[in-house]
Amino acid sequence: MRSYSLIAPAKINLYLEIIGDRPDGYHELAMVMQSVSLADWVDLRANGIEQFRLSCDSPEIPADENNLAHKAAVLMAQRFPKAYAQFGGVDMTLHKRIPVGAGLAGGSTNAAAVLVGLDLMWGLGLTRMELQELAAELGSDVAFCIGGGTAIATGRGEQLDPLPSVDYLWVVLAKYRSLPISTAWAYKTYRQRFEGTYARDTDSLQQRLERVHAGPMVGAIAQRDGSKIPELLYNDFERVVFPDYPKVAALKQQLLDLGAAGALMSGSGSTVFGLAHSQARAEALTAALREQQPDPDLEIWVGQLIAKGIHLAP
Ligand SMILES: C[C@@](CO)(OP(=O)(O)O)[C@H](O)COP(=O)(O)OP(=O)(O)OC[C@H]1O[C@@H](n2ccc(N)nc2=O)[C@H](O)[C@@H]1O
Ligand SMILES: Nc1ncnc2c1ncn2[C@@H]1O[C@H](COP(=O)(O)OP(=O)(O)O)[C@@H](O)[C@H]1O
């Protein structure tokens, strides 16, 4: 086929623990990642020339070679030069719905969509594992975005172990448009403020990883215990973001006060999400939040936790 439309879902982190420094300057993580129904659309159209071109409906992100989707296409061309020479490049169109600097992996999921789309277009037949290995070269979260769903993510975030779906839960996502947070800033600040706190932990890294695998959040998901999951949400990044961005902390409290079953900041922020046990409750929560905060700067989406990553548009 000469063109593909792919749906690229955002992610949230149901659990995020920073468990150590790594020699490569990154951080060792123990996370539970979760795809949500809020998604971008990524259109790919073969252009018959050896060039990748990108356009995007959001002025907030680069529409050039700095875009992570463009970087994904260049990586595919480098790895599969024969296919590139045979099929040529693509025109990529990003229809952005996922906010930027939101802790929702908007850039990562666009890059994942380009990897999956070019694999299909060029007939490469790459396995999930091969796609994830390419993805990890582009960013720590890109590998998860390929298959999505619910998964434990360790290492830099690219080592994945699938978990049973929690698609029986609903989510309300809320973010101040004018308040993006840089992932690099969040990690740097965490290191400055808390360096040594994980080093003082007497458990070895292996023991800490095992503890997370055997931890209550993973247990609740494995047992399909939807009532426990909202109580077990956790994110270390709240420790650096909340003191510097009190509006984000207040938003989480507001979601809880309005009856969210649980609430948490996603990734390095600034999105805060609330969980609900039904669509009706999620919509009631959205309406109550909107009524309390008519501020147009506050964007709110209602959605579902979903069991898939990149997929073809219907
Ligand atoms: C925090 C998380 C949680 O899911 O998500 P976001 O809030 O960005 O969505 C991720 O770890 C973000 O992953 P991603 O956005 O792919 O990160 P990268 O591009 O690889 O790295 C961006 C920056 O974060 C730092 N980084 C990233 C991952 C990691 N395990 N340790 C780090 O220290 C890197 O040093 C770099 O400065
Ligand atoms: N396709 C893309 N979509 C979104 N952001 C992108 C993309 N390509 C590059 N970026 C850049 O990545 C940075 C943040 O990315 P994003 O994925 O939105 O944040 P987060 O890591 O918090 O989820 C921004 O500086 C943005 O300009």
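Is Ala-105 buried or exposed? Ala-105 counts as buried because it has 31 C-beta neighbours inside 10 Å; the term buried requires 20 or more other C-beta atoms within 10 Å of a residue's own, exposed 12 or fewer, and partly exposed a number in between, with C-beta atoms placed from the backbone.

This is a predicted model, in which local features need pLDDT of at least 70, side-chain atom pairs count only at pLDDT 80 or more, and totals for chains, interfaces and linings use all residues. Residues are numbered from 1 along each chain as its sequence is written, while chains are lettered from A and ligands numbered from 1 in the order in which they are written.

- Leu-104 is buried, with 28 other C-beta atoms within 10 Å.
- Beyond neighbours within four places in sequence, Ala-105 is in contact (C-beta atoms, placed from the backbone, within 7 Å) with Ala-10, Lys-11, Asp-141 and Cys-145.
- With that exclusion, the contacts of Leu-104 include Ile-12, Ile-98 and Ser-266.

**Helix α4**

- In α4 (residues 128-138), the buried residues include Leu-131, Leu-134 and Leu-138.
- The buried residues of α4 pack against α1 (68-79), α3, α5 (142-147) and β6 (159-162).

**Ligand 1**

- Domain 1 (3-165) and domain 2 (170-306) both give residues to the shell around ligand 1, so the ligand lies between them; the domain bounds come from an automatic or database domain assignment.

Methods: Contact = placed C-beta atoms within 7 Å. Helix = DSSP H or I, 4+ residues; strand = E, 2+ residues; numbered from the N terminus.
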